[in-house]
Every structure is written in structure tokens, then in C-alpha cells.
Amino acid sequence: MSDSEVLHAAHSLEYPYSRSVGPVIGAFLTGLRDGRLLGVTGAGGSVIVPPTEYDPTTGEDTGEMVEVGPGGVVESWAWVAEPHPKHPLDTPFAWALIRLDGADTALLHVVDSGGPDRLATGDRVTVRFRPEAERIGAMADIVAFVPEAGAGR
Amino acid sequence: MTEPGSTDERGTVTTLATPIRLDFDFTPGIAQSKFLRGLERGTFLGQRCPVCRKVYVPSRGSCPTDGVPTTEDVELSNSGTVTTYCVVNVPFAGQSIEIPYICAQVLLDGANLSFMGLLQEIPTDQIRMGMRVEAVWVEPEELTPSLASVKYFRPNGEPDAEYETYQEYL
């Protein structure tokens, strides 16, 4: 290597955190692993998804875990035309806020609609899980949400 | 609250791996490149400040005290003095050296800045401040512009340095 050649080298900085999830998010992640979407009841019978340990409006402890989905409504979305290597899909997709059936709050996840002209606010979508053997209890157990059958756009 | 009724043998999820990773393409710049090229030749290269005359190794290209460029290159000795040290007994993720091992600050002869190196060929309970050490390099054909060219430091057999000779560098 000649001295005039500019030196450069790959340098990766990684913190391998392992986080304790607690009883409520733990139950939610356990649900994902088992192929179910869970929320928690909050003040006035509202259903919070993803679930929290405390009601965000009153600060009171939340209550029972309840199953929601698997379908829901797209409340808002942003199209990603050129996915980054760390994005969950390697093809263009939408980040979307999805209010699952039975829930009063929206969940942030991915919609794989095939194109921005095939997605609109208010569209019905449904969950697509990874195969059971690949699920570990993490958000990535959901591959994506996809347009509900018959929603045809 | 109640459990959501997951009853298989894997139990409830209690932890989540959340690694944070940043990938850089690091370019060291002119001054550090000189230091790295020196390592490729099996030598420690530093730079002297034209105002305070201190020698920095590795040099960042300027003197942090006087704020002027360091333009004079200085080749340093292969020997130095342990100013302080730490015996590492605790395993951690990504550890590449067998514990226990010694991590020492070495003040090379002719330098006014110590730098960190691995100390080997001595039991961990015999390390002491002021110990005289020398760098052990990889084989000539294995030298690269990287600190990996220095295998480790080891005692060079000289009497310990007087405290006054390194007290400014602790």
C-alpha cells in the first residue's frame, strides 16, 4: 500500500442491549410470538395497542389484556420508495399508523401494498405474521400489514 | 392484569434484544495517517508542537494547548514507562483477550502523551507503576497501518522509572 493512498477502514459500533420488557409489553410480545395481537384496557374501557402499563391519559394502572385485530384501518402513512438496509422490508413499503379492530389507539408498523398508488388513508389492512417457527416475541414477528382481501384498489 | 393465556412450554416473553449498531467508514486524516503508516513500518511516529515542544503520539495534527499545527514528525523509542494500569478480570461481550489481562498506559520515551496498550509476559500481580516496557510487533510481513501491528508490550528488564519522570502524565 503506498503512503499516498488515503486510509480508511470499516468501523462498527454496537451496543448489544438486552431489555427487560415487563409484564404488559411482555404479554404483548408473547402474543406476537403466538400469532395474536393484544391490547390492554385503559380508562373508560378504551383499548390501548400496543399496550402500556399505565393509562396515558389518567396515569392509572391498565387492566385486562384483550385480543384485537387481525384487521385494522390505516390512519396515516408515509411511503418509503428506497428502503434502507436496516428497514424491515427490502422492497418499497409504507410506515403506517394502524388502528386495529377493537383498539382505540394506533400501532406503528409497515404496510406492504405494492405501491403508493395502492394505499390510502382509511384503507383496511390485515396482519401478516412470520411462520410460527421463526417468531421470537418481537415486533418483527409481524412481517407487514397487507391490504385486506377484497379491499381491491 | 391477567396473563394472555399463552400456555406453551416456551413461557412468557421477558426480554427483548435491542442492539444499537452504527456502521462507519473511518478515514483517519493526515496526522493519524502518518502514525498508522509508522506502525506499518514497525515504528511509533509522533508530532512535536512548535510552541510548547511537547510530543504527541498519536498526533491529531494540532496542539490542544497552543492551538497550532504540529508539523515536526518525531520517531519515538520502542520502549516506555507504565504510568498507570488496569487488570481486567471481568468478561464482557466482544472480549478478544483471555482474562485476566493488563491494560496499561504507556509513556513512550520521547513522548509527552501516554497511550493504552496490552501488557503481557508478566503475571498480573507483578505489574506496577513505573515499570519499563517495550513494544512487541507482529512479524514484518504481517505489519499493517493499524494498532494490530503492535502485539503487546512486555517488561524490557530495565529498573523501574522514578516517579518524578512520569508524574506529569497520570
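Of the 170 residues that make up chain B in this predicted model, 23% count as buried, while in chain A, with 153 residues, the corresponding figure is 30%. The secondary structure of chain B amounts to 1 helix and 10 strands, arranged from the N terminus on as β-β-α-β-β-β-β-β-β-β-β. Chain A likewise comes to 1 helix and 10 strands, and its elements, read along the sequence, follow the pattern β-β-α-β-β-β-β-β-β-β-β. Among contacts between residues at least 6 apart in sequence, 55% in chain B join residues at least 24 apart, and in chain A the share that joins residues at least 24 apart is 50%.

Confidence was examined next, for the model as a whole and along chain B. The model scores ipTM 0.81 and pTM 0.68. Chain B has an average pLDDT of 91, with 94% of its residues scoring at least 70. Within chain B, confidence is lowest in E1(B), where the mean is 90, and highest in strand E9 (residues 132-137), where it is 98. Where pLDDT is low, the predicted coordinates should not be read in detail.

In chain B, an open sheet is formed by 3 strands in the order E4-E3-E5, with antiparallel pairing. Strand E4 (55-56) and strand E5 (72-76) of chain B stand at the edges, and because each has a single partner strand, one side of each is left without a neighbour in the sheet. Helix H1 (residues 29-40) of chain B packs on this sheet, where it touches E3 and E5 of chain B, and its direction makes about 150° with that of E3(B). The pairing of strand E3 (residues 44-48) of chain B with E4(B) is antiparallel and extends over 2 bridges; B:Val55 in E4(B) is the bridge partner of B:Arg48.

H1(B) has 12 residues and reaches 16 Å from its first C-alpha to its last, close to the 16 Å expected at 1.5 Å a residue. Its buried residues are B:Ala31, B:Ser33, B:Phe35, B:Gly38 and B:Leu39, and what covers the buried residues of H1(B) includes E3 and strand E10 (150-155) of chain B. After H1(B) comes B:Gly42, whose phi is positive, near 80°.

The two chains meet through 27 residues of chain B, which are in contact with 34 residues of chain A. On the side of chain B that touches chain A, strand E1 (15-17), strand E2 (20-26) and H1 of chain B each supply at least two residues, and the largest share, 7 residues, comes from E2(B). By residue class, this side of chain B divides into 14 nonpolar, 8 polar and 5 charged residues. Strand pairing also links the chains, in that strand E2 (residues 18-20) of chain A and E1(B) pair in the antiparallel sense over 3 bridges, with A:Arg19 standing opposite B:Leu16 in E1(B).

A:Asp34 counts as buried because 20 C-beta neighbours lie inside 10 Å. The C-alpha atoms of A:Asp34 and A:Ala133 are separated by 10.0 Å, although the two residues are 99 residues apart along the chain. E3(A) itself is mostly covered, with 4 of its 5 residues buried.

E3(A) has pairings with two strands of chain A, E5(A) and E4(A). With strand E5 (residues 65-68) of chain A, E3(A) pairs in the antiparallel sense over 4 bridges, and A:Glu67 in E5(A) is the bridge partner of A:Leu38. With strand E4 (residues 47-48) of chain A, E3(A) is joined by 2 bridges, and these strands run antiparallel; here A:Val47 in E4(A) is the bridge partner of A:Thr41. The hairpin of E3(A) and E4(A) has 5 residues between the strands, and in this hairpin A:Gly44 takes a positive phi near 65°.

Notes:
Residues are numbered from 1 along each chain as its sequence is written. Chains are lettered from A and ligands numbered from 1 in the order in which they are written. This is a predicted model: local features need pLDDT of at least 70, side-chain atom pairs count only at pLDDT 80 or more; totals for chains, interfaces and linings use all residues. Two strands pair if DSSP finds at least two bridges between them. Two residues are in contact if their C-beta atoms, placed from the backbone, lie within 7 Å. Axes are lines fitted to C-alpha atoms, for helices over the stretch in contact, and angles run from 0 to 180 degrees between N-to-C directions. A residue is buried if 20 or more other C-beta atoms lie within 10 Å of its own, exposed if 12 or fewer, and partly exposed in between; C-beta atoms are placed from the backbone. Ala, Val, Leu, Ile, Met, Phe, Trp, Tyr, Cys and Pro count as nonpolar, Asp, Glu, Lys and Arg as charged, and the others, Gly among them, as polar. pLDDT is the predictor's confidence in each residue, from 0 to 100. The expected span of a helix is 1.5 Å times one less than its number of residues.
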